[in-house]
Amino acid sequence: MKFFIDTANLAQIQEAYDMGILDGVTTNPSLMAKEGISGEQNILDHYVKICKLVHGPVSAEVISTDYEGMIKEGKALARLHENIVVKVPMTKDGIKAIKYFTSQGIKTNCTLVFSAGQAILAAKAGATYLSPFVGRVDDINWDGVQLIQQIVHIYAMYGYQTQVLAASIRTPLHIVKCAEVGAHVVTAPLSAIAGLLKHPLTDIGLAQFLADHAKAAQSN
Ligand code: E4P
C-alpha cells in the first residue's frame with residue numbers, strides 16, 4: 001500500500017519524506033487555504049515547491065465546476081510538473097473531464113467520492129486514482145472502511161486499473177483498516193502517519209533496555 005500525505009504544509013511534507021515512507025502528496029483547496037496560500041500564481045508556485053520536495057504524485061485540485069474550466073485549469077496544472085495529478089470532483093462535468101484528461105495521458109484523482117456507484121463511473125472514465133472520504137462517511141454514522149472494501153472488491157472483479165486512494169483519514173487505525181481491506185493508497189495527515197509508530201510496550205521495552213545497558217556500564 002502506498003502512503004501519501006494529505007497536506008499542503010511544506011515542513012510536514014518534508015518530515016514525512018525524511019522518514020523514507022512517503023510516496024506522494026494530496027492537497028485540496030481547504031488545505032491550501034489553511035497554509036495561507038491564495039492567488040492563482042502563489043497557488044501554482046506552491047504546487048511546484050511540493051513537487052520539488054517529493055518524488056511522487058502530487059494531487060492538485062481544480063476549482064472550476066464546468067467542463068471547459070476544468071480542462072483549462074487541469075492542463076495548466078499538468079504543465080507545472082510531470083508528477084502533478086489533476087484532482088477533479090465527482091460530478092457529471094468532472095467525469096467528462098477525467099475522460100478527456102485520460103485520453104491526453106494526464107493523470108487524475110477523482111475526489112469527493114462517497115458511494116460505490118460514483119466509484120464505478122470514475123473507473124469507467126479512466127481515473128488514475130479514486131478518493132473515497134473515509135472520515136466524512138464515518139462522520140454521518142456510515143462505515144467509511146466498508147465503502148473502501150466494497151470499491152476494492154468491485155474494481156478487482158472487473159479489472160479496473162483505477163487505484164483506490166482512501167482519503168479523509170483521521171486516525172492511525174483508519175490506515176490499518178484501509179490496509180486490511182486492500183486500499184491501494186492511503187492519504188493521511190502527518191499525525192495519523194506518526195501515530196502508527198506508537199505502542200506503549202515499545203516505549204517501556206526501550207526504557208528497560210537503556211536502563212539495563214546503563215546499569216551494566218556502571219558495574220564495569
Ligand atoms: C483528499 O485529499 C481529501 O481532500 C481529504 O482527505 C479530505 O479530508 P477531510 O475530510 O479531513 O477534510
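Select Lys87 and show its surroundings: leaving aside residues up to four places away in sequence, Lys87 touches Thr26, Thr27, Asn28, Ser59, Ala60, Glu61, Val62, Asn109 and Thr111. Keep in mind as you go that this is a predicted model.

Is Lys87 buried or exposed? Its relative accessible area is 5%, and because the cut-off for buried is under 20%, Lys87 counts as buried. Now zoom in on the end of its side chain. A polar atom there lies 2.8 Å from the backbone oxygen of Thr27.

**Next stop: the strands**

Switch to a cartoon view and find strand 4, residues 84–89, where Lys87 is found. Strands 3 and 4 run parallel and are paired over four bridges. To see one point of this pairing, pick Ser59 and its bridge partner in strand 4, Val85. Then follow the chain itself: from strand 3 it passes through helix 4 (residues 67–80) to strand 4, in a right-handed β-α-β crossover.

Strand 3 also pairs with strand 2, residues 24–26, again in parallel, with two bridges joining them. Here, select Val25 together with Val58, its bridge partner in strand 3.

**Next stop: the ligand**

Now select the ligand. Around it you will find Asp6, Thr26, Asn28, Lys87, Phe133, Arg136, Ala167, Ser168 and Arg170. Lys87, where the tour began, is one of them.

An N or O atom in the side chain of Asp6 is 2.5 Å from a ligand oxygen. For Asn28, a polar side-chain atom sits 2.7 Å from an oxygen of the ligand. For Arg170, the distance from a side-chain N or O atom to a ligand oxygen is 3.2 Å. How much of the ligand's accessible area does the protein cover? On its own the ligand has 350 Å², and the protein covers 84% of that.

**Last stop: helix 1**

Finish at helix 1, residues 10–18. At its start, a side-chain oxygen of Asn9 comes within 3.1 Å of the backbone nitrogen of Ala11. Then select Gly20, just after the helix, and check its backbone: phi is positive, at about 85°.

Conventions. Residues numbered from 1 in each chain as written. Predicted model: local features only at pLDDT ≥ 70, side-chain atom pairs only at ≥ 80, totals over all residues. Heavy atoms only, no water. Pairing = 2+ DSSP bridges. Right-handed = clockwise from strand over helix to strand, strands pointing away. Near = heavy atom within 4 Å. Polar contact = N/O pair within 3.5 Å; in protein donor to acceptor, adjacent residues only side chain to side chain. Areas by Shrake-Rupley, 256 points an atom, 1.4 Å probe, with all protein chains shown as cover. Buried < 20%, exposed > 50% of the residue type's maximum accessible area, 1.4 Å probe, protein only. Contact = heavy atoms within 4.5 Å.
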